[in-house]
Amino acid sequence: MEIETWWLLVLPLFFALGWVAARIDIRHLLSESRSLPSSYFRGLNFLLNEQPDKAIEAFTEAVKVDPQTIELHFALGSLFRRRGEVERAIRMHQNLVARSDLGKDQKTLALYELAQDYLKAGLLDRAEELFLKLEHTQHAEAVLKFLLEIYEQEKDWQKAIVITGKLESVTGHSHQKDIANFYCEMANNEIMHSRAEAARPHIDRALTHHRLCVRANMLLGDLELTQGKLDAAVTAWKRIETQNPEYLSLVSDRLFRVFKQQDKTAEGITLLRGYLAKYPSLDLLNTVFDGLLESQGAESAYALARDELRRSPTLLGLDKLLEAQLLDAPAERRPDLELTKTLVHQHTRSLAMYKCDHCGFRARQFYWHCPACASWETYSPRRTEEKGLPA
Ligand SMILES: [Zn+2]
């Protein structure tokens with residue numbers, strides 16, 4: 001009996017306490033939400049309904065009504081930038097930077113956002129200046145990546161190398177392959193301007209940073225060629241086999257031209273046929289095909305295309321075989337062969353592409369630096385249709 005009485009007395013008290021607590025919470029919530037302008041909630045509603053234009057309008061109004069809403073300024077600024085309204089983003093973030101009531105972290109964040117606005121607007125000098133100030137903040141890793149993006153755009157490879165080194169220490173990940181490519185860019189630039197001797201140290205450094213840097217040996221071969229050292233050029237290009245033989249297809253034409261220039265066509269064909277047997281690829285096939293056609297005639301070229309098609313049945317191989325058949329086809333068979341060849345060729349045109357392994361971007365030309373995702377050395381030297389087929 002005693003226990004029941006106790007319960008009867010205490011239970012209403014619990015209910016009363018719960019009711020008071022709930023009222024306090026609700027009052028607190030109501031007072032907080034009343035302090036935000038109604039346009040803020042309209043903005044949120046538009047955002048949830050995926051109407052960013054109207055959301056921006058509503059948020060802009062909310063900011064005007066209550067300029068104290070710092071977080072909203074940040075949100076609006078980055079929303080402007082993402083939508084490409086860079087000038088408005090810059091104004092928004094400049095206002096934030098100029099405010100005196102910002103804490104240290106908020107000030108840093110405002111500068112970081114402003115730097116990104118400048119980068120998006122293409123104002124690289126201003127972006128670089130701000131990012132350099134933010135190098136030792138909590139945004140260090142992202143800042144270094146943005147700086148690298150700027151130096152890559154400006155083709156300032158020396159600065160790109162320094163920043164990549166810093167990025168390695170911050171992230172603990174190796175970027176030696178990228179650094180090797182920056183040295184290759186510098187070497188390439190020197191070769192283009194006929195400053196062969198200035199190119200050589202860059203090539204050496206590329207290989208020091210990344211022993212398997214195929215591009216360095218390709219450039220070394222090009223460099224030796226410009227100086228008339230044909231044997232040295234061949235040696236440099238042949239070294240690619242020990243680094244990554246798939247890339248031999250990228251130098252097959254140059255190799256053949258140098259052998260031909262030295263009146264060693266047969267030797268060149270033997271070397272390239274050996275590569276083709278071990279590392280089949282369309283580019284190697286094309287070079288050997290043209291070499292055979294030129295030195296031994298249509299029959300040899302046709303036999304090569306037929307054997308390769310048997311070994312690796314691809315449409316690109318069929319295209320080559322039809323080309324070989326057309327070379328000495330009798331007049332009455334030519335129209336049919338030409339029609340088939342045109343049809344196959346129209347189809348293979350879209351197949352013979354290089355593809356970035358990182359972002360999937362396809363291009364007719366081989367790139368060391370992907371124009372779509374800006375990654376280094378992510379293109380396979382084999383054209384897309386060849387990939388995944390039995391070697
Ligand atoms: Zn890519």
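Visitor: Which residues lie nearest the centre of the largest pocket?
Guide: Leu-148, His-175, Asp-178, Ala-374 and Ser-375 lie nearest the centre, and the lining has 19 residues. Please note that this is a predicted model, in which local features need pLDDT of at least 70, side-chain atom pairs count only at pLDDT 80 or more, and totals for chains, interfaces and linings use all residues.

Visitor: What counts as a pocket here?
Guide: On a 1 Å grid over the protein atoms alone, a pocket is an open set of points where a 1.4 Å probe fits, with protein on both sides within 12 Å along at least five of seven lines; a lining residue has an atom within 4 Å of a point.

Visitor: How much space lies in the largest pocket?
Guide: The largest pocket holds about 420 Å³. That volume is the space filled by probe spheres set on the grid points, which are joined across faces, edges and corners.

Visitor: Which helix gives the most to the lining?
Guide: H8 does, with 5 residues. Helices H8 (140-154), H9 (157-171) and H10 (176-192) each supply at least two lining residues. Helices (H or I, at least four residues) and strands (E, at least two) are DSSP runs numbered from the N terminus.

Visitor: And what about domains: from which does the lining draw at least three residues?
Guide: It draws at least three from each of domain 1 (174-243) and domain 2 (251-391), with bounds taken from an automatic or database domain assignment.

Visitor: Back to Ser-375: is it buried or exposed?
Guide: Ser-375 is buried because its relative accessible area is 14%. Buried means under 20%, exposed over 50%, and partly exposed in between (1.4 Å probe, protein chains only). Ser-375 lies in the segment after strand S2 (362-363), and its C-alpha is 9.6 Å from that of Asp-357, 18 residues away along the chain.

Visitor: New topic. Which residues are the donors of the zinc ion?
Guide: Cys-356, Cys-359, Cys-370 and Cys-373 each provide an SG atom 2.3 Å from the zinc ion. Donors are N, O and S atoms within 2.8 Å of the metal (3.2 Å for Na, K and Ca), and sites may look incomplete, as water is not among the atoms. The sequence spacing of the donor residues is C-x2-C-x10-C-x2-C.

Visitor: Why is the site called tetrahedral?
Guide: The angles among its 4 donor atoms are 106 to 114°, and four donors count as tetrahedral if all angles lie between 85 and 135 degrees. The ideal angle for four tetrahedral donors is 109.5 degrees.

Visitor: Last topic: where is Lys-155?
Guide: Lys-155 is in the loop between H8 and H9. Its phi is positive, about 55°, although Lys-155 is not a glycine. With a relative accessible area of 58%, Lys-155 is exposed.

Visitor: And where is Ser-194?
Guide: Ser-194 is in the loop between H10 and helix H11 (196-209). Ser-194 also has a positive phi, near 55°, and is a residue other than glycine. Ser-194 counts as exposed, at 67% relative accessibility.

Note on methods:
Residues numbered from 1 in each chain as written. Heavy atoms only, no water. Tetrahedral: all angles 85-135°; square planar, octahedral: opposite > 155°, others 65-115°.
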